Amino acid sequence: MFPTIIFGIRPVSSCGTVGTVQWMDRKVDKSVSNTIRIVELLMNLLRTKSIEQSIADADEPGRKLKRSLSTWDLMIMGVAVAVGAGIFSVGAKAAANFSGPAVTISFAIAAVTCALAIMCYAEFATAIPVAGSAYVFTYATMGELLAWIIGWNLILELFTAAAVIAKYWGIYLSKVFALMGADVPPALSIGGVDLYWGAFLIVAIFTVLLVLGTKLSARVGNIFTLVKIGVVLFVIVVGFTYVKFENYSPFIPTAEPTAGGTADVLKQSFFGFLTGAAPAQYGTLGIFAGAALVFFAFIGFDVVATSAEEVKNPQKTLPRGIFGGLAVVTVLYILVSLALTGMVSYTDLAAAENPTLTTAFEAVGNTTAAKVIAFGSLIGLTTVIMVLLMGLSRVVLAMSRDGLLPRALSKTSEKRSTPVRLQILCGALVALVAGLTNVDLLEEMINIGTLSAFVVVSLGILVLRKKRPDLKPSFRVPFGKVLPVVSAVLCLYLMTNLAVETWIFFAGWLVIGIVIYFAYGQRHSRLNEKFAEANEAVNRPAGHTTPDSADEDELTRV
């Protein structure tokens, strides 16, 4: 007969009810405990950082940036980072391999997509004028995990872009020397490893400038930018003198299948892969593939938003500077693409191993213009590197302030209010990757990182408006919910027009980022309860100290 519990008396037995009940109690307790942990984990992943806290953190002593940039500085910064590799090489590649003369439409599509996304950035930036751009905006609306992913993608975008363009700068420098009659190789072989010395040189120069001060860097950038705008205008004026209207026909080349094979599958657009289309180039889909490629030319404007914390009167300055720069760049791009495809047939560009604007002028026999373009390319890439290095350090600064990356990285100089140690670290890593690796294989990773941020920021506007209807930013995206949704859809579609291999690399990058977040960021986040007192200390009036200030010191050491 089995033991029973009668009148509260429980017989003791090694295999009886007491053991069973106690075991079941432990099992239930463990199950409840695990459920609570899972719920807590999910809540942590979705926790958001208040706008007020973000603004307070931006004023934290020892981690502040100086507001010194004007509307003109911002506009020039946007032009500086956009008028570079995009206008001198990417447009020619898109015309040669994807769009033909319709590359003009590709630029227009990319410009419209960028304009819609930048409207969302402008609304966010005037509501939360701090460093970090899309990362900060996402943290305030969609939660910590997604904010980390966007920040991680911005690091991908800015780091890869800076490294790729630094390497190109060294190659262009050798071309300029060659045009002057000097044979200076772009790379030196050391122990069987190719060292692109030019990348080290240019990154070192601008790292020093950025350490000395953002305003000083902006002034140097302004001079270089005005010079390269002059070169671009020269290209447009001279280029149109060689235009032959027959080169515009067919304006949209007929789609052509590629040779096939695994390599072509990896190179074809992700959209084509998903729909089962055979690998091909040109045609209507080629226009969108070209737009996805030339979007690289517009990446600078999210970097401009990253500088929100260093802008004087950001509510007015940011929208004016961003949209002014975008308007200038779009007009220049469309005029250059019309001159390029009118000068030579897109088939001639496709025959070149690495088509650029120089290829077109060499084809019409104007070597003088080719020399000017080589010089303009060098100047153009110079300012791009500067702005990308600044943007990279500001994104990492914002993430480290929040504890998702080591807090020591967010320290700024008392004298110059710049993140000295972080800027040097970013510069050193960019120089090493640009100078020692074949980083140009990852060019499209720049675009996919940018577009993913654009998608989230566009949707984040809808969340921000719903969560904080009390906010009255000085700029609001017009037409209610329509334009943010259109922006997100367009950006997502352009993402699908990037190559399959780009998506594979992107997936790998995300996996690495998620591992780092759970291994470090999630545990060290300042939104954790153990950092509550330290967060409170940051928000106290200056000079007010309490015994709890030790918590803030501990937080700094994390």
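Q: What makes helix α3 roughly perpendicular to α17?
A: Helix α3 (residues 71-82) packs against α17 at an angle of about 115°, and their axes are 7 Å apart. That makes α3 roughly perpendicular to α17, given that angles of 65 to 115 degrees count as roughly perpendicular, those under 35 as roughly parallel, those over 145 as roughly antiparallel and the rest as oblique. The axes are lines fitted to C-alpha atoms, for helices over the stretch in contact, and the angles run from 0 to 180 degrees between N-to-C directions. The helices (H or I, at least four residues) and strands (E, at least two) are DSSP runs, numbered from the N terminus.

Q: How far can these values be taken, and how are residues numbered?
A: This is a predicted model, in which local features need pLDDT of at least 70 and side-chain atom pairs count only at pLDDT 80 or more, while totals for chains, interfaces and linings use all residues. Residues are numbered from 1 along each chain as its sequence is written, and side-chain values use heavy atoms, with hydrogens and water left out.

Q: Why are α7 and α17 called roughly antiparallel?
A: Helix α7 (residues 144-179) and helix α17 (residues 367-401) pack at an angle of about 155°, with axes 8 Å apart, and α7 and α17 are therefore roughly antiparallel to each other. By class, the contact of α7 with α17 has 29 nonpolar, four polar and one charged residues.

Q: Why are α17 and α18 described as oblique?
A: The axes of α17 and α18 cross at roughly 125° and come within 9 Å, and the two helices are therefore oblique to each other.

Q: Which residues make the nonpolar surface patch?
A: V193, L425, L429, L432 and L436 make a nonpolar surface patch of about 400 Å². The largest share of the patch, four residues, comes from helix α18 (residues 420-436), and L429 is found in that helix.

Q: What is stated about the peptide bond from S249 to P250?
A: This bond is cis, with omega near -5°, and P250 lies in the loop between α9 (214-240) and β3 (256-257). Most residues other than glycine have a negative phi, and most peptide bonds are trans.

Q: What is the phi of F479, and where is F479 placed?
A: F479 has a positive phi of about 65° although it is not a glycine, and its place is in the loop between α19 (443-467) and α20 (482-496).

How values were computed:
Ala, Val, Leu, Ile, Met, Phe, Trp, Tyr, Cys and Pro count as nonpolar, Asp, Glu, Lys and Arg as charged, and the others, Gly among them, as polar. Patches are made of residues with over 30% relative accessible area and no salt bridge: like charges are joined within 9 Å, nonpolar side chains (Val, Leu, Ile, Met, Phe, Trp, Tyr) within 5 Å. Accessible areas come from the Shrake-Rupley method with a 1.4 Å probe; for residues, only the protein chains shown count as cover. A salt bridge is a side-chain nitrogen of Lys or Arg within 4 Å of a carboxyl oxygen of Asp or Glu.
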